[in-house]
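Hi there,

Here is the structure I promised to pass on to you. Have a look at it first, and then read my notes below.

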Amino acid sequence: MRIDIVTIFPDICRVPLTESIMRRAQEKGVLDLRIHDLRDYTTDKHRRVDDEPYGGGQGMVMKPEPFFRAVEAIRHPQQPSEVILMTPQGRPFHQRMAETLAAGDDHQLIILCGHYEGVDHRVVEGLVDREISIGDYVLTNGALAAAVLTDAVIRLLPGVLGDDRSAWQESFSEDLLEAPHYTRPPEFRGMPVPQVLLSGHHEKIAQWRDSEGRKRTAANRPDLLGDSP
Ligand code: JF5
């Protein structure tokens, strides 16, 4: 899979995405990740990427031209591509979205990062296939959101995690949270490991995990069970 990230803060996604698992994905050849500095696609001497909002108001808006020039330079004409804008105004990111994006591993993903108060809407109208938000909070920096989305997609690519099944089996794939985990020692500061986990009784362990997962889901994520939070 080819992923291109366009940001005015390339270093902010470079560090999280070139560590460990992400490096393995690139070394294994399942991922070609490139991080681009939006300012390289400006044409003026000051490398300007933002300007004042039409209609007035607080803050600055990101100019359209550098985004159009960047995508036109980066896009592979012979490959299907999808342009994503990271923005709090987007659709909420979800594990199923990560799975859909990872399944299109012959696609080129071009991820544009918003900053400041927002991006000139002609970028959304003329360039972007989907606007995605990683959650209901505002970051100063869309590059962090792009790194989160990219991490969630890359770990699903074949061969990136040691065990291919582990990637697809974790929380949210089945819309139920996981049961608590324990490792040695069997008792720690007066807190014992639940006896059933030491019993070796696989069927009882599976039942316990299912019921603990349901309890946790009811407590922390009632929305996943169709209840209101
Ligand atoms: C950003 C305008 C983008 O804050 C975010 C974000 C939160 N969830 N997903 C993305 O991105 C930075 C700030 C202001 C556009």
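Five strands make up an open sheet, in the order E2-E1-E6-E5-E8, and their pairing is parallel. Strands here are DSSP runs of E with at least two residues, helices are runs of H or I with at least four residues, and both are numbered from the N terminus. Two strands pair if DSSP finds at least two bridges between them. Strand E2 (32–37) and strand E8 (130–133) each have a single partner strand, so one side of each is left without a neighbour in the sheet. On average, neighbouring strands of this sheet are turned by 30° against each other, direction ignored.

Before going on, please note that this is a predicted model: local features need pLDDT of at least 70, side-chain atom pairs count only at pLDDT 80 or more, and totals for chains, interfaces and linings use all residues. Residues are numbered from 1 along each chain as its sequence is written, and side-chain values use heavy atoms, with hydrogens and water left out.

Back to the sheet: strand E5 (residues 81–92) runs parallel to E8, and five bridges join them. For Met 86, the bridge partner in E8 is Ile 132. Helix H3 (residues 64–74) packs on the sheet and touches strand E1 (2–7), E2, E5 and strand E6 (108–113). Contact means heavy atoms within 4.5 Å. The direction of H3 makes about 160° with that of E6. Such angles run from 0 to 180 degrees between N-to-C directions, with axes fitted as lines to C-alpha atoms, for helices over the stretch in contact. Helix H6 (residues 142–154) also packs on the sheet, touching E1, E2, E5, E6 and E8, and its direction makes about 155° with that of E6.

Start with His 36, which sits in strand E2. Is His 36 buried or exposed? His 36 counts as buried, because its relative accessibility is 13%. The cut-offs are under 20% relative accessible area for buried, over 50% for exposed, and partly exposed in between (1.4 Å probe, protein chains only). The side chains of His 36 and Asp 4 are joined by a polar contact of 2.7 Å. A polar contact is a pair of N or O atoms within 3.5 Å; within protein, one must be able to donate a hydrogen and the other to accept it, and residues adjacent in sequence count only if both atoms are side-chain atoms. Leaving aside neighbours within four places in sequence, His 36 is in contact with residues including Tyr 41 and Ile 74.

Next comes Pro 64, in helix H3. Pro 64 is buried too, at 15% relative accessibility. Pro 64 and Arg 122 are 58 residues apart in sequence, yet their C-alpha atoms are 6.6 Å apart in space.

**The ligand**

Which residues come nearest to the ligand? Of the 17 residues around the ligand, they are Tyr 116, Ser 133, Ile 134, Tyr 137 and Leu 139. A residue is near a molecule if one of its heavy atoms lies within 4 Å of it. One nitrogen atom of the ligand lies 2.9 Å from a polar backbone atom of Ile 134, and an oxygen atom of the ligand is 2.7 Å from a polar backbone atom of Leu 139. The ligand taken alone exposes 370 Å², and the protein buries 98% of that. Accessible areas come from the Shrake-Rupley method with a 1.4 Å probe; for residues, only the protein chains shown count as cover.

Three strands form an open sheet in the order E3-E4-E7, with mixed pairing. E3 and strand E4 (residues 61–62) pair in the antiparallel sense over two bridges.

Most residues other than glycine have a negative phi, and most peptide bonds are trans. Tyr 116, in the loop between E6 and E7, has a positive phi of about 55°. The peptide bond from Arg 184 to Pro 185 is cis, with omega near 5°.

**The whole chain**

The protein chain has nine helices and 10 strands. Of its 229 residues, 40% count as buried.

Happy exploring!
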